[in-house]
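Subject: Structure for your review

Dear colleague,

Please read the notes with the coordinates open beside them.

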Amino acid sequence: MAAASYQTLFADAVGKAVSDHLTSVLLAASLVTLALGYLSKVLLQQAPPDLKYPPYIPSRIPFLGQAVAFGKSPIEFLEKAYEKYGPVVSFTMVGKTFTFLLGSDAAALMFNSKNEDLSAEDVYSKITTPVFGKGVAYDVPNPIFLEQKKMLKTGLNIAQFKKHVAIIEKETQEYIKRWGESGETNLFEALSELIILTASSCLHGKEIRSMLDEKVAQLYYDLDGGFSHEAWLLPSWVPLPSFRRRDRAHREIKNMFFKAIEKRRTSNERVDDFLQTLIDATYKDGHSLSDDEIAGLLIGLLLAGQHTSSTTSSWMTFFLARDKKLQERCYAEQKAVCGDDLPPLEFDQLKDLSLLDRCVKETLRLRPPIMTMMRMARSPQRVAGYTIPVGHQVCVSPTVNQRLPDTWTERDEFNPDRFLSDNAASGEKFAYVPFGAGRHRCIGENFAYVQLKTILSTMTRKYEFDLVDGYFPSINFTTMIHTPHNPVIRYRSRTP
């Protein structure tokens, strides 16, 4: 996030909610700031004799701490911290203490941890519950969430993926017809919309997909706006316009899903899709999901993966537009694997598109959608000779870990062929973690690869892509998902 916007974010957001008592708020904030600054200093610098806390990056700005420096350029900030302090480092931002695990060895702590030690819901529930709703995901005890994830995984199987390829290809072909033969487009906006359509077709069922129009697309956009820095910093009841839009969108989308669920239940029609999977699902004790739980899981299923696919497909298209030889290699691979006449894609062909696969992996290495994975320390955690105290937000940054110089050669270069080697990350287990790892691995990873490869194949077959006046997007750090800034791209139809 730009320095100026981050510096004013907290004050602006709070000011909108309590403008009638500005003086009181400022006085209270000053007292809280001083208290937090003092307490954090005491806690971090006066560890018990038998404990060694992680190195702490000091700041002259109480409460905000390193928020401005980190928000301005988080990758550079963490890389410098790694060089100076090593694989474990702590600092304060907006009154909270963060401890980053940098490098594969340190990151193993998070990916091998149990939820009772490093809790996900203590960090994410504040953001996800207003979006997904109560009773699902991080709003429930972890054992219940694990049961819900198992239900979702039931619908993410090879048999379904084989059906999804044709669905996604058709949706993509229909969508890009509106582009015409040539032109320029905001690629991230276009692909975000396309991802919603393809994901809904595959994961929601025909009843819900049939309801999607421009109004519903706007509702998804407003609901997705709940994943913001404001939502992370402020209570959900603060009457910000974005919060009101989020809550209204949540209610309207839930009501739309309720109608679809009721229609399916009363029709006695059985369809082999995700909606039916959730209607039929039961917990270990035998009770079924409520309509509210089904609707919440459907929202989570869509929005949780939307960021990965829209961001990754956008960045990869820009990488290929910058390297035209590589782009043409990808096009040639389509013909070599699928046939010169480029017939409809089949699921089994996706694994044979090895260059495309490597391009996706390299995009996920350099531009992973999630900058930081976080957990809350519920118990003291030992790593690299340090003890992380209870209450620290323990973090792993895929963006940084996937470009550390002691692990990756030519780390800043987009080089898909590095994945020709089985040891692209020098054999380090947690050096490449765009979808997490271990028991915390994303359950939607396989669907994401199917969706990405099918969309990118369809686009590559139809168009050549070029940068506009040589412009390659910078990373937009103002959003929680690191999207391309000003992502306008030029395209033209391929000649048969």
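A crossing of two helices is called left-handed if the near helix is turned anticlockwise from the far one by less than a right angle, and right-handed if the turn is clockwise. By that convention the crossing of H8 and H20 is right-handed. Please bear in mind throughout that this is a predicted model.

Helix packing

Packed helices in general are described by the angle between their axes and the distance between the axes. For helix H8 (residues 158-176) and H20, the axes come within 9 Å and cross at roughly 40 degrees; angles under 35 degrees would count as roughly parallel and those from 65 to 115 as roughly perpendicular, and H8 and H20 are therefore oblique to each other. On the H8 side the contact is made by Phe161, His164, Val165, Ile168, Glu169, Thr172, Gln173 and Ile176, and these meet Asn446, Phe447, Val450, Gln451, Thr454, Ile455, Thr458, Met459, Arg461 and Lys462 in H20. Sorted by class, the contact of H8 with H20 has eight nonpolar, seven polar and three charged residues.

Helix H20 (residues 445-462) also packs with helix H15 (residues 291-322), their axes coming within 10 Å and crossing at roughly 40 degrees, which makes H15 oblique to H20. H15 passes H20 in a right-handed crossing. Here Ser309, Thr312, Ser313, Met316 and Thr317 of H15 meet Ala448, Gln451, Leu452, Leu456 and Met459 of H20, and by class this contact of H15 with H20 has five nonpolar, five polar and no charged residues.

From H13 the contact draws on His250, Ile253, Lys254, Phe257, Phe258, Ile261 and Arg265, and from H15 on Asp291, Asp292, Ile294, Ala295, Gly296, Leu298 and Ile299. By class, the contact of H13 with H15 has eight nonpolar, two polar and four charged residues.

The sheets

E3 runs antiparallel to strand E5 (residues 373-377), to which two bridges join it, and Ser119 stands opposite Met376 in E5.

Another open sheet has three strands in the order E4-E12-E9, paired antiparallel. Its edges are strand E4 (182-186) and strand E9 (463-467), each of which pairs on one side only, and the twist averages 30 degrees from one strand to the next. Five bridges join E4 to strand E12 (residues 488-493), the two running antiparallel, with Glu184 standing opposite Arg490 in E12. Helix H16 (residues 324-338) packs on this sheet, touching E9 and E12, and its direction makes about 165 degrees with that of E9.

Aromatic pairs

How many aromatic pairs does a search of the whole structure find? The search finds 23. In one of them, the rings of Phe70 and Phe91 have their centres 5.8 Å apart and their planes at 35 degrees, so the pair is tilted. This pair links distant parts of the chain, since Phe70 belongs to helix H3 (residues 67-72) and Phe91 to strand E1 (residues 88-93), 21 residues apart.

Key
Residues numbered from 1 in each chain as written. Predicted model: local features only at pLDDT ≥ 70, side-chain atom pairs only at ≥ 80, totals over all residues. Heavy atoms only, no water. Pairing = 2+ DSSP bridges. Helix = DSSP H or I, 4+ residues; strand = E, 2+ residues; numbered from the N terminus. Axes fitted to C-alpha atoms, helices over the stretch in contact; angles between N-to-C directions. Contact = heavy atoms within 4.5 Å. Parallel < 35°, antiparallel > 145°, perpendicular 65-115°, else oblique. Nonpolar A, V, L, I, M, F, W, Y, C, P; charged D, E, K, R; others polar. Phe/Tyr/Trp six-rings, centres within 6.5 Å; stacked < 30°, edge-to-face > 60°.
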